[in-house]
Amino acid sequence: MKQVNYKPPFPWFGGKSSVAGAVWKRFGDVRNYVEPFAGSAAMLMLRPQPFEGTETINDADGFVANFWRATRHDPEAVAFHADWPVNENDLHARHAWLVGQRESLTAKLEGDADWFDAKIAGWWCWGSCCWIGSGFCSGDGPWQVVDGELVNTGNAGRGVNRKLPHLGPGGNGMHRKHGQRLIEDFQAFADRLEKVRVCCGDWSRVCGPTPTVKMGMTGVFLDPPYADTAKRTARLYAKDCLTVAHAVKRWAVEWGNDPRMRIALCGYDGEHDMPAGWDCVEWKASGGYGSQGEGNGRENAKRERIWYSPHCVKEDLGLFKDAA
């Protein structure tokens, strides 16, 4: 299998691509891999190759899951819809249209394992690259389409926000490439995803015994939204997201002592109090708008932590350890 020269196809808040090499050293050559909070799927894409076994990614956001499913099955169509110059009017119009698809999107993905929408995938990827910061397609905002026009109804939480698109040098994300180069990138993603199982739903659905330890030695990469104990800005997440990390930690503690399981749990300094036997590793995030200034973003970049379960490969044992 050809190694993908991975560059995330869209910006992703809190992406872990810069630490992927270190994580895979601790996982080793696992036969089964599960990523319950896929996002830009950086950890999957940066897995050392060749390898054998089963891989599963999941995301509760239908736009994310649809993008990966559509890219896997029809990369050329996704590239076609993602190939568009930065245009503010198009950004607002497409944003409003995409938010209108949100309610039915996840249901269609869950109802048919083969269903996907390449137009939604391409437009969502393009818009994510044009958008500055978080909140794209969240559905939180007062602007709604009424009689074919985008108007401010004053009803925040049901529509979209208006925002100036990314105008920096070269743009951001995938819209820096066009035509055949873009198609080739998406085809590379499709090749990498050929045997990957893409799920859409709650993280716990892919963390039971059947998709994990019953498949052999399993690596699970957990990158949930930061918990309230991380003391991050609450407005970055929906209210229920602030409690997800606590449930994820409980699952990790429960399964951490199983010799068939190697778990990496991401978080912030002080966010999780893990049992004895877990290794806590500091790392510094790079990139992102927040870390470019002199405010909290730069300081937060130094607070990143990954907790490794007791049966992960120890750092002095090299990249691969027998995972039979």
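What is the mean pLDDT of the protein chain, and what percentage of its residues reach 70 or more? Then take me to strand β2: how many of its residues are buried?

Modeller: Confidence comes before detail. This is a predicted model, in which local features need pLDDT of at least 70 and side-chain atom pairs count only at pLDDT 80 or more, while totals for chains, interfaces and linings use all residues. Residues are numbered from 1 along each chain as its sequence is written, and side-chain values use heavy atoms, with hydrogens and water left out.

The mean pLDDT (the predictor's confidence in each residue, from 0 to 100) is 83 for the protein chain. Of its residues, 75% reach 70 or more. Residues 232-239 have 11 contacts (heavy atoms within 4.5 Å) beyond four places in sequence. Residues 288-293 have 12 such contacts.

The protein chain holds nine helices and nine strands. These are DSSP runs, numbered from the N terminus: H or I over at least four residues for helices, E over at least two for strands. Of the 324 residues, 47% are buried. Buried means under 20% relative accessible area, exposed over 50%, partly exposed in between (1.4 Å probe, protein chains only).

Strand β2 spans residues 54-58, and four of its five residues are buried. Two strands pair if DSSP finds at least two bridges between them. β2 pairs with strand β1 (residues 32-35) in the parallel sense, over four bridges. There, Tyr 33 stands opposite Glu 55 of β2. β2 also pairs with strand β5 (residues 196-199), again parallel and over four bridges. Thr 56 has Arg 197 of β5 as its bridge partner. For Ile 57, the partner in β5 is Val 198.

Step back to the sheet. Seven strands form an open, mixed sheet in the order β5-β2-β1-β6-β7-β9-β8. β5 and β8 (279-282) are the edge strands, each with a single partner, so one side of each lacks a neighbour in the sheet. The twist averages 15° from one strand to the next.

Helix α3 (residues 62-73) lies across β2 and β5, at about 145° to β5. Axes here are lines fitted to C-alpha atoms, for helices over the stretch in contact, and angles run from 0 to 180 degrees between N-to-C directions. α3 also meets helix α7 (residues 179-192): their axes come within 7 Å and cross at roughly 95°. The two helices are therefore roughly perpendicular. Phe 67, Thr 71 and Arg 72 of α3 touch Phe 186, Phe 189 and Ala 190 of α7.

Helix α4 (residues 75-82) belongs to this picture too. Its buried residues are Pro 75, Ala 77, Val 78, Ala 79 and Ala 82. They pack against α3, α6 (118-130) and α7.

Last, the cysteines. A disulfide is a pair of cysteine sulfur atoms within 2.5 Å. The whole structure has zero disulfides. Cys 200 is buried, at 5% relative accessibility. Its sulfur is 8.9 Å from the closest cysteine sulfur, that of Cys 199, which is too far for a bond. Cys 137 is buried as well, at 0%.

Notes: Parallel < 35°, antiparallel > 145°, perpendicular 65-115°, else oblique.
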